[in-house]
Amino acid sequence: MSYSHNTMGSGSRTARRTFDFGRTHVVRPKGKHQATIVWLHGLGDNGSSWSQLLESLPLPNIKWICPTAPTRPVALLGGFPYTAWFDVSELSENGPDDWEGLDASAAHIANLLSTEPCDVKVVIGGFSMGAAMALYSATACALGRYGNGNPYNINLRAIVGLSGWLPGSRCLRNKIEVSHEAARRAASLPIMLGHGTCDDVVPYKHGEISAHSLNVAGFRNLTFKDYEGIGHYTIPKEMNEVCNWLTARLGLEG
């Protein structure tokens with residue numbers, strides 16, 4: 001599926017960026033379908049690798065949707081092409097954010113959830129850059145709009161972000177505080193963050209800073225778990241805690 005976004009170039013000309021998303025992998029629920037989770041992979045990965053792990057989790061009432069990001073040049077990696085939800089030049093709270101790429105991916109993810117039955121709870125989760133994308137979707141949900149101003153219409157029930165970071169953290173608090181409705185939505189959205197203390201790809205401090213920024217902006221239903229001595233990967237203990245957290249927050253049976 002492709003998404004086209006217009007951006008102003010030099011002078012009055014308009015440049016068009018088209019994002020071609022890769023294959024989406026779906027893991028059907030083994031029991032009663034109570035929730036659907038879009039799970040987002042990290043930089044350079046694909047939906048297939050995560051779908052195999054997610055299928056093995058003891059969550060029979062969840063349908064997992066594992067999309068694959070577009071292949072695009074990534075500034076952080078010398079401009080070489082990788083599967084990436086958005087472009088990133090540096091992992092820094094002061095670095096530039098690729099709002100166009102973030103909005104295009106958030107819209108693609110929302111579209112995947114838009115056809116789910118109304119009695120099914122919808123969630124976004126992810127690892128590394130996928131976690132960053134999930135957190136950006138959380139902010140769009142609270143604000144009720146994407147960064148470009150278009151309405152965000154998905155009622156997310158929970159967010160999971162593992163070993164990631166929060167894009168757009170600098171201006172989030174100001175955006176949330178000016179709207180009572182945004183503040184209400186932010187306060188009611190459960191978020192679970194997990195991060196290894198020895199992560200050398202997305203350093204642990206980014207997880208801490210992201211949790212703090214979300215909390216200060218009004219996302220108060222937030223759980224942050226650190227994993228001592230763990231690098232940029234998940235471990236069974238972390239995934240077990242994700243399962244328990246989802247079961248409790250979503251009221252899953254079994």
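**Entry 1: helix α2 against helix α3**

I take an angle of 65 to 115 degrees between axes as roughly perpendicular. I note at the outset that this is a predicted model. I looked up helix α2 (residues 99–113) and α3, which pack at an angle of about 80° with their axes 10 Å apart. I therefore record α2 and α3 as roughly perpendicular to each other. For the residues that meet, I listed Trp-99, Leu-102, Asp-103, Ser-105, Ala-106 and Ile-109 on the α2 side. On the α3 side I listed Met-133, Tyr-136 and Ser-137. Sorted by class, this contact of α2 with α3 holds six nonpolar, two polar and one charged residues.

**Entry 2: helix α3 against helix α5**

I then examined α3 and helix α5 (residues 180–188), whose axes come within 7 Å and cross at roughly 135°. I therefore classed α3 and α5 as oblique to each other. In α3 the residues involved are Cys-141, Ala-142 and Leu-143, and they meet Glu-181, Ala-182, Arg-185 and Ala-186 in α5. By class, I found five nonpolar, no polar and two charged residues in the contact of α3 with α5.

**Entry 3: the sheet**

In which order do the strands of the open sheet stand? I read β3-β5-β4-β8-β9-β10-β11, seven strands with mixed pairing. The edges are β3 (25–27) and β11 (222–227); each has a single partner strand, so one side of each is left without a neighbour in the sheet. Direction ignored, neighbouring strands of this sheet are turned by 15° against each other on average.

**Entry 4: strand β5 and its partners**

I followed strand β5 (residues 62–66) next; strand β4 (residues 35–40) runs parallel to β5 and is joined to it by four bridges. Thr-36 has Lys-63 in β5 as its bridge partner, and Val-38 stands opposite Ile-65 in β5. With β3, the pairing of β5 is antiparallel and extends over three bridges. Here I found Val-27 opposite Trp-64 in β5.

Is β5 mostly covered or mostly uncovered? I record β5 as mostly covered, since five of its five residues are buried. On one side I noted Ile-62, Trp-64 and Cys-66, and on the other Lys-63 and Ile-65; these are all buried, and both faces of β5 are covered. As background, side chains in a regular strand alternate between the two faces of the sheet.

**Entry 5: helices lying across the sheet**

Helix α6 (residues 204–217) lies across β10 and β11, and I noted an angle of about 165° between α6 and β11.

What does Ile-191 touch, leaving aside residues up to four places away in sequence? I listed Leu-135, Ala-138, Ile-159, Leu-214, Phe-219, Asn-221, Leu-222, Thr-223 and Trp-245. In soluble globular proteins, nonpolar side chains tend to be buried together.

Methods. Residues are numbered from 1 along each chain as its sequence is written. This is a predicted model: local features need pLDDT of at least 70, side-chain atom pairs count only at pLDDT 80 or more; totals for chains, interfaces and linings use all residues. Side-chain values use heavy atoms; hydrogens and water are left out. Contact means heavy atoms within 4.5 Å. Axes are lines fitted to C-alpha atoms, for helices over the stretch in contact, and angles run from 0 to 180 degrees between N-to-C directions. Helices (H or I, at least four residues) and strands (E, at least two) are DSSP runs, numbered from the N terminus. Angles under 35 degrees count as roughly parallel, over 145 as roughly antiparallel, 65 to 115 as roughly perpendicular and the rest as oblique. Ala, Val, Leu, Ile, Met, Phe, Trp, Tyr, Cys and Pro count as nonpolar, Asp, Glu, Lys and Arg as charged, and the others, Gly among them, as polar. Two strands pair if DSSP finds at least two bridges between them. Buried means under 20% relative accessible area, exposed over 50%, partly exposed in between (1.4 Å probe, protein chains only).
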